[in-house]
Amino acid sequence: MRKFNIRKVLDGLTAGSSSASQQQQLQQQHPPGNREPEIQETLQSEHFQLCKTVRHGFPYQPSALAFDPVQKILAVGTQTGALRLFGRPGVECYCQHDSGAAVIQLQFLINEGALVSALADDTLHLWNLRQKRPAILHSLKFCRERVTFCHLPFQSKWLYVGTERGNIHIVNVESFTLSGYVIMWNKAIELSSKSHPGPVVHISDNPMDEGKLLIGFESGTVVLWDLKSKKADYRYTYDEAIHSVAWHHEGKQFICSHSDGTLTIWNVRSPAKPVQTITPHGKQLKDGKKPEPCKPILKVEFKTTRPGEPFIILSGGLSYDTVGRRPCLTVMHGKSTAVLEMDYSIVDFLTLCETPYPNDFQEPYAVVVLLEKDLVLIDLAQNGYPIFENPYPLSIHESPVTCCEYFADCPVDLIPALYSVGARQKRQGYSKKEWPINGGNWGLGAQSYSEIIITGHADGSVKFWDASAINLQVLYKLKTSKVFEKSRNKDDKPNTDIVDEDPYAIQIISWCPESRMLCIAGVSAHVIIYRFSKQEVITEVIPMLEVRLLYEISDVESPEGEQAPPLPTPVGSANPQPAPPQSHPSTSSSSSDGLRDNVPCLKVKNSPLKQSPGYQTELVIQLVWVSGEPPQQITSLAVNSSYGLVVFGNCSGIAMVDYLQKAVLLNLGTIELCGSSDPYRREPRSPRKSRQPSGGMLIVTSCMCGVSSLYSESVKKLRSSFLNLKETAVFRDDVCRENISSREEQVQWLRSSVTAGLCDISEGTVAPEDRCKSPTSGSSSPHNSDDQQKVNNFIEKVKIKSRKFSKMVASDIAKMSRKLSLPTDLKPDLDIKDNSFSRSRSSSVTSIDKESREAISALHFCETFTRKADSAPSPCLWVGTTLGTVLVIALNLPPGGEQRLLQPVIVSPSGTILRLKGAVLRMAFLDSTGCLMPPAYESWKEHNVPEEKDEKEKLKKRRPVSVSPSSSQEISENQYAVICSEKQAKVISLPTQNCAYKQNITETSFVLRGDIVSLSNSICLACFCANGHIMTFSLPSLRPLLDVYYLPLTNMRIARTFCFTNNGQALYLVSPTEIQRLTYSQETCENLQEMLGELFTPVETPEAPNRGFFKGLFGGGAQSLDREELFGESSSGKASRSLAQHIPGPGGIEGVKGAASGVVGELARARLALDERGQKLSDLEERTAAMLSSADSFSKHAHEMMLKYKDKKWYQF
């Protein structure tokens, strides 16, 4: 019984008084006889707020490195102005300079919770690390000089800043103001020197005397400057340019690295020549000659140990004849020299020492090496210098990410299962010590649900990541390329012409968390289905199917050759394609005319395959070449564990495979799928337009129209000329057709040409003898033989040119395969303007263009009403295309158990067709109460363990039907289909198929990603548009709830990887190496401050080294310097205002007040209020003390006056 709703009646009365056009529109959306029951929606706009949460991965394009030895925090700066801070595993932080200028140097205020960053735009910034989201406290912009080097002595507030002109300025880091004390380059170098010494490349104070400053100039000059006397004590000159300088801890020696690959060690008091010159990688020549020059040594560090020899650690310096050798870090310890090869170029390195004091034995224990694409930590305490196992999620880009998926609220046993199988994949040989960068504290994880991120990579690998509680940890890695034969040389891989490189790259991932079934689609038109197992198995023969998605229909060989081609009919387990699928590699490699045919792009291994615990191959499906043309790449994919089916499609058609029976159930082109209900009326075309002279030419046309946006201008010009050539060929073929006289021949020609057109446009070329015969290609009249010969010659020329062009097209597609993925790769461009040319139904695009452009863009298994007359839901597949067509395919499944493996699955198009504007992106289904109905699934069980008899009996009785709420619903209850396209969203009432609600999402742009997600015990539609807007809509009414401009589409990487998931979470690949996570949930935003880790923790600074009795007696040991007296305004004066500009930052108390939110925010506010109250109390205490002293003085004066006048009478005053 339907619920009576007075509101609907009032709506009807209101509609009746409106205009006729409005009434008509209302009747279209809400027909009076089919009123939808009112569903209470709980989501409101206040439930939504957009903010970034965390950033994972390796810092993209790193440029600077710093370490706090007391707090144990590592900082990395990048060329894009980003700042990444790392503490213990799970404690990370991302900051960004607003200017986006490259970070050239970082300096920690050791154990102070602050950091100084120097940027390429000559600004210095002071960061406050004592809050969970660090903020800038002060900035200083140099106006007349370029900053090249900075140095901040330990426990000092005065920062030395070297410039490109060779001058050194001094900055007070507390106030971020310049001191009047300046070291000018012309005073530092010798007066006799006629040339400029170059930029400052090094500044450091003598470990034993803070009053002596060592200044290194790029030209090779080093100066020891006396800060008190303001003059140079010593000058050291060398012929080669200097890159870095390092002190011995005793302050008597220092070492320089030079551009010719040499190291020079100098005694402080012997400036004439170096004590020792070393060429670590130079060939020592006989007769005492100077070694051959080597590459520059970019950095050197000089670290001492108590028991033994010092460590000299350097990067670079390799000899020039080592061509192709990888970058190296060299560790020299005593007489031993270890050369450690790195995978990438070395950006910077730092030696981690036990003490922060530069005047004590350093006792180095590790080296942090910042590489171009990795972070390596080397253990110096163990023999062989093993590396530490990196606990940070920095290997996202190990192979370029090509796609990713995000799953929230997964089954609780899933992460432990993946971790257990992934733990066996860990490499051996790491250092046994714990990770030494262990500063900070973890946040309080407020999320109770588990999250998993899956990334697909260019090398065919798939990685599973635990993303729970805003952390990231790799769980398991799957290598999909293991099932294929590896080509050892270029001559050995003739079939991979579709892709120049990375033939195993992952394009699409379909995963069912409940059943743990995984299905991937690769760039070489291959699909692999995986089952999860905890047992190791050896697969003797890898199950394989070859699918000829572009199939032929031959009138000559068919028994019904005299009849018109029938519409698609229900298909059983028998394969509808002419050739049955191959279970072994195909032996038919070419057609009769020498073209490659029935050959997959990759070769599956013939030998037994050992499969470790984890994901194991269930079935490999490959699309094959058709008459010399490669298969089109797969654009959509779906797997269902309850039905045992996998379905995939591309711009040619759709194929469905029963992976339990290893059989192809459905193999249709998009045109055949539409049948007589085709909205574009493409089937009954005229012979002139349907007749095609060359199959090879047609597949090129299809290919070109589908991916026209990917080609360079030169290729587009070639395309237009090729189409002109095609039209000429069609015209000449029409001339031949005029010779047909018999009506029967005309009918037969019409039928065969339409059939050939359908075949060609959906599949490509076929061999001439397999092609449908027409009178012009059969025996002709004698007087027509010359014309026939000319036409044949012309067609052959066109075929040759078409093959050359198709190879060019296929190569171009392959190069773009990692940049684009459907549906976005079918767009002409990524302009913000509306692409009406490709989307409008009234466009002047030819029917051939429309057909070739229509690809399968969305697939969804469900249990719902397939037709209007259905009284109960049944299993079906909903198919969406790039032209906005939605079709429904009914599935008739056999009973479960053994019957499921013996009886065929019946697949039949239902005839239901819906239309939307723009390519269909996502589909989902709601029950009558508005709850999301997930696709049917079968819970995971170990399939490699023999089942007991009881289990088998249960399996026989069990039927793989839906576990969604729909299975328990009453027959009278309806459902809702939610369909999201590039332009609009519709909610369709089922089984009536009336449009209950409709929302035009965007008119001037298009939706890149749309997901139906759950949030706050309700559901909504979340969309990301190409114009940078993130929007959410309520369901089922499609009310706008959120519309925020967030991120413009600057590159296709964002479009390819952006995805929403449940509980208000989303992510995208912000750079080739980093994942940015964000939330659109108000609740998560409020709790974010509590979830973030703390970088700064109160730690006592280690005690200074003991000077010893004799050093204290005879004046040895470190000499202190009163820098305040030397650099303060009272002695050095004020600096010129035009030299630098001070900019106050937002990171003060106001910034903390603004940034604080949630529970921790309240605590922070309370703490601030307490601080303010404490300040007021201290002020009050001071005032009270002043009043007390004033009262005391007043009482004293009063007492004195009383003593003075107590004996006097009143008249004596």
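**Pairs, rings and a buried alanine**

Reader: What makes strand E46 and E47 a pair?

Author: Seven bridges join strand E46 (residues 885-892) to E47, and the two run antiparallel. Pairing takes at least two bridges, so this counts as a pair. One example sits at Ile-889, whose bridge partner in E47 is Pro-909. Keep in mind that this is a predicted model.

Reader: Which strands form the open sheet, and in what order?

Author: There are four of them, ordered E44-E45-E46-E47, with antiparallel pairing. Strand E44 (856-864) and strand E47 (906-915) are the edge strands. What marks them as edges is that each pairs on one side only.

Reader: Now the rings. How many aromatic pairs are there?

Author: The count comes to 27 aromatic pairs.

Reader: Why is the pair of Trp-158 and Phe-1127 called edge-to-face?

Author: A pair of aromatic rings is described by the distance of the centres and the angle of the planes. Here the centres are 5.6 Å apart and the planes stand at 65°.

Reader: Are Trp-158 and Phe-1127 buried or exposed?

Author: Both Trp-158 and Phe-1127 are buried.

Reader: What makes you say Arg-596 lies over the face of Trp-625?

Author: Arg-596 is 4.4 Å from the ring centre of Trp-625.

Reader: Which residues do ring pairs link into a cluster?

Author: Phe-48, Phe-1024, Tyr-1046, Phe-1058, Phe-1060, Tyr-1068 and Tyr-1080.

Reader: And how do you know whether Ala-1066 is buried or exposed?

Author: Its relative accessibility is 0%, and buried means under 20%, so Ala-1066 is buried. This residue is found in strand E57 (residues 1065-1071). Leaving out residues up to four places away in sequence, Ala-1066 touches Tyr-406, Phe-1058, Cys-1059, Phe-1060, Gln-1076, Arg-1077, Leu-1078 and Tyr-1080.

Reader: How far apart are Ala-1066 and Lys-52, in sequence and in space?

Author: They're 1014 residues apart in sequence, yet 9.4 Å apart in space, C-alpha to C-alpha.

How values were computed: Residues are numbered from 1 along each chain as its sequence is written. This is a predicted model: local features need pLDDT of at least 70, side-chain atom pairs count only at pLDDT 80 or more; totals for chains, interfaces and linings use all residues. Side-chain values use heavy atoms; hydrogens and water are left out. Rings of Phe, Tyr and Trp (its six-membered ring) pair if their centres lie within 6.5 Å; planes under 30 degrees apart count as stacked, over 60 as edge-to-face and the rest as tilted. Buried means under 20% relative accessible area, exposed over 50%, partly exposed in between (1.4 Å probe, protein chains only). A charge sits over a ring if NZ of Lys or CZ of Arg is within 6 Å of the ring centre and within 35 degrees of the ring normal. Helices (H or I, at least four residues) and strands (E, at least two) are DSSP runs, numbered from the N terminus. Contact means heavy atoms within 4.5 Å.
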